Amino acid sequence: MRKKIMIYILMAVGTLFLLTGCKKNVGTPEDNAVTDESDDKKEDTDQEKKVFGFCGIDMSNPFYATLKDSVQSALEEQGDKLLIKDPAGDAERQNTQIQELIEEDVDAVFLCPVDWKKIEPALDALEEADIPVINLDTKVYESGKVAAFVGSDNRNAGYVCGEDLVERKPDGGQVVIMENLNVNSVCERITGFEEAVSKGAFEVVKRIQTGNDVSGLKQQVAQVLAQNPDLDAIMCGDDQMAEQVREAITEAGQEKVYVYSVDGSPASKKALVEHTGGMMGIGAQSPINLGKKAVKIANAVLNGEDYEKETYEETFFINRDNVEMYGTDGWQ
């Protein structure tokens with residue numbers, strides 16, 4: 001009997017040792033390898049988060065606001081953060097804001113230059129800080145100082161406007177051009193437009209250099225309309241210019257003047273639908289697609305992957321015949 005009792009005791013003790021040796025997820029954190037591994041993974045995930053900077057030309061412009069929203073949405077989907085700066089059309093302020101982004105230690109900067117030449121000090125500072133630049137919408141003059149450029153086919157956007165004017169006015173006529181020599185993308189649009197109208201007998205009777213502030217543009221247009229009663233068309237470098245032009249035309253009662261523009265804002269498309277302010281056609285671009293593409297390229301730059309140095313998104317023509325297809329509630 002005593003032998004059987006001793007055997008039972010030995011068996012119980014042996015089982016206890018076996019159970020103790022096979023424990024999992026018990027005891028202090030030092031004893032628990034699973035918990036430690038989980039913490040390490042969490043720390044790694046936090047370290048992978050990136051912070052980007054965005055500095056547009058003027059965030060009151062719906063195009064740049066939509067472009068920023070597209071970039072921000074794409075970044076947030078992958079868990080990253082976007083710091084936003086608004087130079088409000090001031091080149092010197094933009095240089096200061098870029099320095100602020102450098103001090104924030106951002107991983108990369110999305111940049112639409114207010115002035116394609118005056119932005120050079122900011123580019124030098126970014127280069128010294130080893131922060132790559134994704135140049136958006138309008139090129140910087142020193143293209144070698146940016147990692148990549150993502151923009152629209154602006155030349156074509158202007159060309160399709162001129163092409164439509166030639167079709168509507170085969171005998172030619174008088175044209176006014178609204179341009180901004182500080183912004184490369186606007187210059188390309190005007191170049192494309194002039195290439196198209198060179199095929200007809202058109203005379204440019206006035207060129208208005210708008211600069212970055214279009215608030216006083218309506219008054220200038222009113223004067224031009226009064227001085228040129230036979231004016232046939234006005235070509236605008238962007239939709240902000242076109243808005244001022246449409247107001248001047250409506251107030252002057254000269255809806256017979258055709259207005260063309262580049263962008264494709266809801267306001268310009270609505271003017272097409274309502275036949276107001278002489279709005280006749282838009283060389284349209286998509287800030288939504290530009291933003292998505294820019295984030296993909298920024299990721300490739302930071303990850304050391306292959307990417308295109310220059311990317312151009314398609315532009316297309318919107319007029320009164322097809323505007324309903326694109327809608328007036330938002331950007332295409």
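Predicted model: local features only at pLDDT ≥ 70, side-chain atom pairs only at ≥ 80, totals over all residues.
Packing here rests on contact, meaning heavy atoms within 4.5 Å. Helices (H or I, at least four residues) and strands (E, at least two) are DSSP runs, numbered from the N terminus.

The buried residues of H4 are Ala-91, Gln-94, Asn-95, Gln-97, Ile-98, Leu-101 and Ile-102. They sit on the same side of H4 because they cover an arc of only 165 degrees around the axis, taken from the directions from the helix axis to the C-beta atoms. Glu-92 and Glu-103 are exposed, on the face turned away from that buried side.

## The ends of H4

Asp-90 caps the N-terminal end of H4, with a side-chain oxygen 3.0 Å from the backbone nitrogen of Glu-92. Just past H4, Asp-105 has a positive phi of about 60 degrees.

## Helix H3

Now for H3 (residues 62–77). Its buried residues include Phe-63, Leu-67, Val-71 and Leu-75. Among the elements they pack against are strand E9 (258–263) and helix H11 (287–303).

At the start of H3, a side-chain oxygen of Asn-61 comes to within 2.9 Å of the backbone nitrogen of Phe-63. After H3 comes Gly-79, with a positive phi near 85 degrees.

## Reading the numbers

Residues are numbered from 1 along each chain as its sequence is written, and side-chain values use heavy atoms, leaving out hydrogens and water. Local features need pLDDT of at least 70 and side-chain atom pairs count only at pLDDT 80 or more, while totals for chains, interfaces and linings use all residues.

Terms used: Buried < 20%, exposed > 50% of the residue type's maximum accessible area, 1.4 Å probe, protein only. Polar contact = N/O pair within 3.5 Å; in protein donor to acceptor, adjacent residues only side chain to side chain.
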